[in-house]
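Me: I would like to learn how to read a structure feature by feature. Can you take me through one?

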Amino acid sequence: MGRDSGKTQRDAASIDLAMRDLLHLFIVLLLVFAYFSILTSALGDGDTSWHLAAGKWIVEHGTVPTVDPFSYTFRGKLWTAHEWLSEVLMFAAYSAGGWAGLLLMFGLVTGATFVTLAVYVRRWLAFPMALVPIAFCFGGTVSYMLARPHLFGWLLLALWITSLLRAREAGRTPPVWTILLMVCWANMHGSFVLGLALIGPFALEALIEADKPKRGITFVRWAGFGLVALLAALITPQGIEGLTFPIYVSTMAALKDIDEWKPTSFATFGQFELILISTIFICLHKGIKMPIIRLLLMLALLHMAFAHVRHQAVFLIISCLLFARPAAEALGVSKRNGERELRLSVLRLREIGPVIAVMTALVGGVALASITFGNQRPDNYRLPQNAINHVPIRLRNLPVFNEYSFGGPLIFNGIPVFIDGRADVYGDEFFADYVKIAKGDFGKWEAIKEKWHIEWVIMPPDNLLVSYLDRQPDWVRTYTDKWAVIHVRKLDGAASASKKTKLN
């Protein structure tokens, strides 16, 4: 009787723990989803527009484009649309719910990313301590939460690293579903190459820690997993080109002039520096130690984050997962106490059903409010929608010289562009010419203007080309607002008829 009573109490305690864990995870999902669902600034990046246009093109044509359909300067030239699956999903969400639908989809994706992190961290750290790495990761990535394919990459990265970590803990290779994950990843975002590269450190760690008699089979298993993952990454419309494309992009000279590819700057105190300093303090104060292979991996990722701003999020997501176990060990939390699964909660849904229902209702309420109020994209320095709305019909198929970040919105509005966010399409030389003009090389502008028969220009008000065109007798400013200025070339009679080139 006493034994049964003790077992019942332990089961009840386990159920209570499982319910609280599930509640915590739902709260993480709800907060991230609710935040993103009203985050209209996530729609303010110009590249979101051309991704949507690409998704629309794919749906309408039933195939993935292999040449550029959006610019007039490189129309028909080779283009590797390596994020095609993300773009189709983006267009589907936009078609279903407009800008609100796009926010809701990415809200769920981002929420799922942080729930993935929370599930693994919770294996080792109890709440509220488990919230510390999650909060650090959220605070460091929030400024990069833009409605673009990289958010799918975050989720896939979190799932991939979690799979590798749990495989190492179990002394095996990752399960088959991880390979399916790679197939999706290779068709959604170029960061899949990092996923492939990360197999190496975990495989090396497994090989070093294996008993000598088992090192041969350990090598074969991890090498086999790496080979199958590599083959899975080739299952894309581009095949081998899709595999090498992210590497090609990362070596382009043009990246130095693109904000997200610039080195991390500590000239002003920011979120990333605060998180980095706080993490160093905690590690030194608590004596947190990490296995040598993982420590070297963290240093390599930190180098990437210093080299390119866009890699800060990658560093934070992987750090959140890699630090969970060492932190638990430094704080004296045993694996047995920290590794609490949710299996009992699944077996006893009646006990946790009301919690799920309430949290789901709250999430649904946020979604309904977002759709009802119809989130719209605000104009900003990358998205001059109001200016684009004022472009006359007669100009829309004539050659334009546009700001790099304006290219996406112009494409979205059906206007062929001079340049846009797909630097890989245009190449280093073309991009360098654009940068020279944007920085005031007006000799280069005169040559480009005549080469491409440019008839109108849309640039930010503070761009040097704007003041230059204001001084030219053959150009007239036709529109001005806070974010964009439009100039139109003045040509009359026969000259206009002979020089104007209509775009097909």
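This is a predicted model: local features need pLDDT of at least 70, side-chain atom pairs count only at pLDDT 80 or more; totals for chains, interfaces and linings use all residues.

Me: How do I read a sheet, and in what order do the strands lie here?
Reply: Strands of a sheet pair through backbone hydrogen bonds, either parallel or antiparallel. Here four strands form an open sheet, in the order β1-β2-β4-β3, with mixed pairing. β1 and β3 are the edge strands, each pairing on one side only. Neighbouring strands of the sheet are turned by 20° against each other on average, direction ignored.

Me: Which way do β1 and β2 run, and how many bridges join them?
Reply: Strand β1 (residues 400-402) and β2 run parallel, joined by three bridges.

Me: What links β3 to β4?
Reply: A hairpin, through four residues. Strand β3 (residues 475-480) pairs with β4 in the antiparallel sense over five bridges. Within that pairing, threonine 480 is partnered by valine 485 of β4.

Me: How do I tell which way the side chains of a strand point?
Reply: In a regular strand the side chains alternate between the two faces of the sheet. Take β2, residues 456-459. Trp456 and Ile458 point one way, Val457 and Met459 the other way.

Me: Are those β2 residues buried or exposed?
Reply: All are buried. Five of the five residues of β4 are buried.

Me: Now helices. How do I describe two that pack together?
Reply: Two packed helices are described by the angle between their axes and the distance between the axes. Start with helix α2 (residues 47-61) and helix α3 (residues 84-122). Their axes come within 7 Å and cross at roughly 105°. α2 and α3 are therefore roughly perpendicular to each other.

Me: Which residues make the contact between α2 and α3?
Reply: From α2, they include Trp50, Leu52, Ile58 and Val59. From α3, they include Trp84, Phe91, Tyr94 and Leu102. The residues of this contact divide into twelve nonpolar, three polar and two charged.

Me: At what angle do α4 and α12 cross?
Reply: Helix α4 (residues 131-141) and helix α12 (residues 312-322) cross at roughly 175°, with their axes coming within 9 Å. Angles over 145 degrees count as roughly antiparallel, so α4 is roughly antiparallel to α12. Pro133, Ile134, Cys137, Gly140 and Thr141 of α4 meet Ala313, Leu316, Ile317 and Cys320 of α12. The residues of this contact divide into seven nonpolar, two polar and no charged.

Me: How do I read a nonpolar core?
Reply: In soluble globular proteins, nonpolar side chains tend to be buried together. In this model, the largest nonpolar core has 84 residues. Leu102, Phe106, Leu117, Trp160, Ile161, Phe315 and Ile318 touch the most other members. α3 gives the largest share of this core, 14 residues. Apart from it lies another core, of 61 residues, among them Leu255, Phe430, Tyr468 and Tyr479.

Me: What does tryptophan 160 touch, not counting residues up to four places away in sequence?
Reply: Tryptophan 160 touches Thr178, Leu181, Met182, Trp185, Gly195, Ile199, Phe225 and Ala229.

Me: Last, loops. Where is histidine 82?
Reply: Histidine 82 is in the loop between α2 and α3. Its relative accessible area is 16%, so histidine 82 counts as buried. Leaving aside neighbours within four places in sequence, histidine 82 is in contact with Ala186, Asn187, Met188, Gly190, Gln238 and Phe245.

Me: Why does arginine 382 count as partly exposed?
Reply: Because its relative accessibility is 21%, and buried means under 20%. Arginine 382 is in the loop between α16 (349-373) and α17 (385-389).

Me: Which residues does arginine 382 touch, not counting residues up to four places away in sequence?
Reply: Gly44, Asp45, Gly46, Asp259, Ser405, Phe406 and Pro409. The C-alpha atoms of arginine 382 and glycine 46 are separated by 5.3 Å, yet these residues are 336 residues apart along the chain.

Definitions and conventions:
Residues are numbered from 1 along each chain as its sequence is written. Side-chain values use heavy atoms; hydrogens and water are left out. Axes are lines fitted to C-alpha atoms, for helices over the stretch in contact, and angles run from 0 to 180 degrees between N-to-C directions. Helices (H or I, at least four residues) and strands (E, at least two) are DSSP runs, numbered from the N terminus. Angles under 35 degrees count as roughly parallel, over 145 as roughly antiparallel, 65 to 115 as roughly perpendicular and the rest as oblique. Contact means heavy atoms within 4.5 Å. Ala, Val, Leu, Ile, Met, Phe, Trp, Tyr, Cys and Pro count as nonpolar, Asp, Glu, Lys and Arg as charged, and the others, Gly among them, as polar. Buried means under 20% relative accessible area, exposed over 50%, partly exposed in between (1.4 Å probe, protein chains only). Two strands pair if DSSP finds at least two bridges between them. A nonpolar core is a set of buried Ala, Val, Leu, Ile, Met, Phe, Trp, Tyr and Cys residues joined through side-chain atoms within 4.5 Å.
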